[in-house]
Amino acid sequence: MRVIAAVFGEENFLWPYCKEHGTVATLNRVEAQRLWEARDKEGYIQDGMKNKTVRGVLATRTVASTWYGLMTTVSETNGDVWIHKEGDRIWWTTSRSDPPYFIRDVVEPVGARRHVVVCHKPCDPWRNVGLKGQPLLWHTLHPKAKDFLTTQSTLRPLSAENAAYALALIAGDPLEPWHTQSEWKQKFDAAKTKQGDVTYVVGQAKAAYKMAYEVMPEQRMADTAFRTAQTSNGQKVERTVKNKEVRFPDRNALSAYIAGLLEIQEGDCALTGLKLDYNEDGGDPELYCSLDRIDSDGHYEEGNLQVVCRFANRWKSSGDDATFRRLICVVRESVVVR
C-alpha cells in the first residue's frame with residue numbers, strides 16, 4: 001500500500017468530479033493517450049518532448065517519461081491511500097480494484113484548453129475526517145508534515161516514514177513519535193519563530209511569503225548564480241578561474257526559470273533523484289536545493305541548468321555530468337546488490 005499526495009488536473013479542475021463520484025484522476029492529450037494505450041512508451045516520450053510543460057518550456061525526456069507513468073499509476077492503483085488538500089481541509093480516500101474508466105475528448109477549461117482523455121479510477125468516498133471522526137485541518141498540521149502532505153506536481157508517493165505519519169494522522173493515533181524527533185522539533189521551532197510572518201505551504205514557488213525580505217529558494221539560487229558569475233570573470237589568481245556568465249536579463253528572469261525547473265523535476269534532485277529540501281530552517285543542509293550547470297564549462301543559461309542537492313553539486317564540482325550520473329548509478333546498483 002502506498003500513500004500518495006495528489007492534485008487533479010491543471011488548477012485542480014478535475015477535483016469536483018473526483019470528490020462527487022469517488023475517483024482519483026489524471027489525463028493525457030488525445031494523441032498521447034493513443035500511444036499510452038498501445039503501450040508505446042518510447043513513442044509517448046518522443047511525442048511528449050515536442051510539448052511544453054505548464055511553465056512554457058519543452059519537456060525533457062525525464063519529464064515525458066514521468067507523464068507516461070502518471071497514467072499508469074492512476075489506472076492501476078488499488079488499495080492505495082490518496083491525500084488531497086482543499087483550502088484548510090485535508091481529504092483522503094483509498095483506491096479500489098474496480099477498473100478505470102476513460103472520458104474522451106474533454107476540453108480543458110484552463111491553461112492551454114487542450115483536448116484530453118481523462119482517466120478516472122474508482123475509490124472509496126472522499127472523507128475530510130479521520131477514522132475516529134476527528135477533523136483533518138491543514139492549519140493544525142505540524143510544519144514539517146505540511147511539506148510532504150501536499151504537492152505542486154500531479155502526484156507524489158510519500159516515503160515510508162512520511163506515509164506512516166499520514167496513516168497515523170488519519171487513524172487518530174499519537175503523532176509524538178515523529179514530533180519529538182530532533183528534525184521535527186527544529187522545524188517546529190523555526191516555524192514558531194516566524195509565526196505571523198510566513199504562511200507555510202510546500203516549499204516551491206507557491207509558498208506565500210508575507211514579508212518582503214523572505215527569499216524563495218529559486219531567488220536564493222538566482223542570487224548565488226549572479227554572485228558566482230561576478231567573481232568568475234576570468235581574472236588571474238593562482239590559476240585562471242573559469243569564465244561564467246549569467247545569460248538571463250535579470251535575477252527575476254533567472255528565478256522564474258529555476259521555478260520552472262523545480263516544477264519539471266517534481267521536487268527531485270536532477271542527479272540523484274532524492275527529494276530536495278526547500279526550507280533551510282531545520283531541514284537537512286545536504287539536501288538543500290542548489291543550482292548546477294550541466295556543462296561545468298558552460299554558462300548560466302537556458303538548457304544548461306538543473307537543480308540538485310547541495311552535496312551532489314559539491315561532489316560533482318567541475319566534473320562531467322554524464323560521468324557523475326554514471327557513478328551515481330554504479331553506487332545505487334552496488335547498494336541494491338548488497
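Hi everyone, let's start with a helix pair: helix 2 passes helix 3 in a left-handed crossing. Helices are DSSP runs of H or I with at least four residues, strands are runs of E with at least two, and both are numbered from the N terminus.

Before going on, a word on where this comes from. This is a predicted model, in which local features need pLDDT of at least 70 and side-chain atom pairs count only at pLDDT 80 or more, whereas totals for chains, interfaces and linings use all residues. Residues are numbered from 1 along each chain as its sequence is written, and side-chain values use heavy atoms, with hydrogens and water left out.

Back to our pair. Two packed helices are described by the angle between their axes and the distance between the axes. Helix 2 and helix 3, the latter covering residues 41–48, pack at about 160° with axes 8 Å apart. The axes are lines fitted to C-alpha atoms, for helices over the stretch in contact, and angles run from 0 to 180 degrees between N-to-C directions. Helix 2 and helix 3 are therefore roughly antiparallel to each other, a label for angles over 145 degrees, with under 35 counting as roughly parallel, 65 to 115 as roughly perpendicular and the rest as oblique.

Which residues meet there? From helix 2 we have Glu31, Ala32, Leu35 and Trp36, and from helix 3 Gly43, Tyr44 and Asp47. The residues of this contact divide into four nonpolar, one polar and two charged. Nonpolar covers Ala, Val, Leu, Ile, Met, Phe, Trp, Tyr, Cys and Pro; charged covers Asp, Glu, Lys and Arg; the others, Gly among them, are polar.

Three strands form an open, antiparallel sheet in the order 2-6-5, where two strands pair if DSSP finds at least two bridges between them. Strand 2 (23–29) and strand 5 (101–107) are at the edges with a single partner strand each, so one side of each is left without a neighbour in the sheet. From one strand to the next, the twist averages 25°. Strand 5 is joined to strand 6, residues 115–122, by five bridges, and valine 106 has valine 116 in strand 6 as its bridge partner. Helix 2, residues 30–37, packs on this sheet and touches strand 2, strand 5 and strand 6, its direction making about 105° with that of strand 2; touching is contact, meaning heavy atoms within 4.5 Å.

Four strands come in the order 4-3-1-7, with mixed pairing. Strand 4 and strand 7 (155–157) are at its edges. Strand 3 (residues 81–86) pairs with strand 4 in the antiparallel sense over six bridges, and lysine 85 has isoleucine 90 in strand 4 as its partner. In their hairpin, with two residues between the strands, glycine 87 takes a positive phi near 60°. Five of the six residues of strand 4 (residues 89–94) are buried, so strand 4 is largely enclosed by the rest of the structure. Buried means under 20% relative accessible area, exposed over 50% and partly exposed in between, with a 1.4 Å probe and protein chains only.

Conventions. Left-handed = near helix turned anticlockwise from the far one by under 90°.
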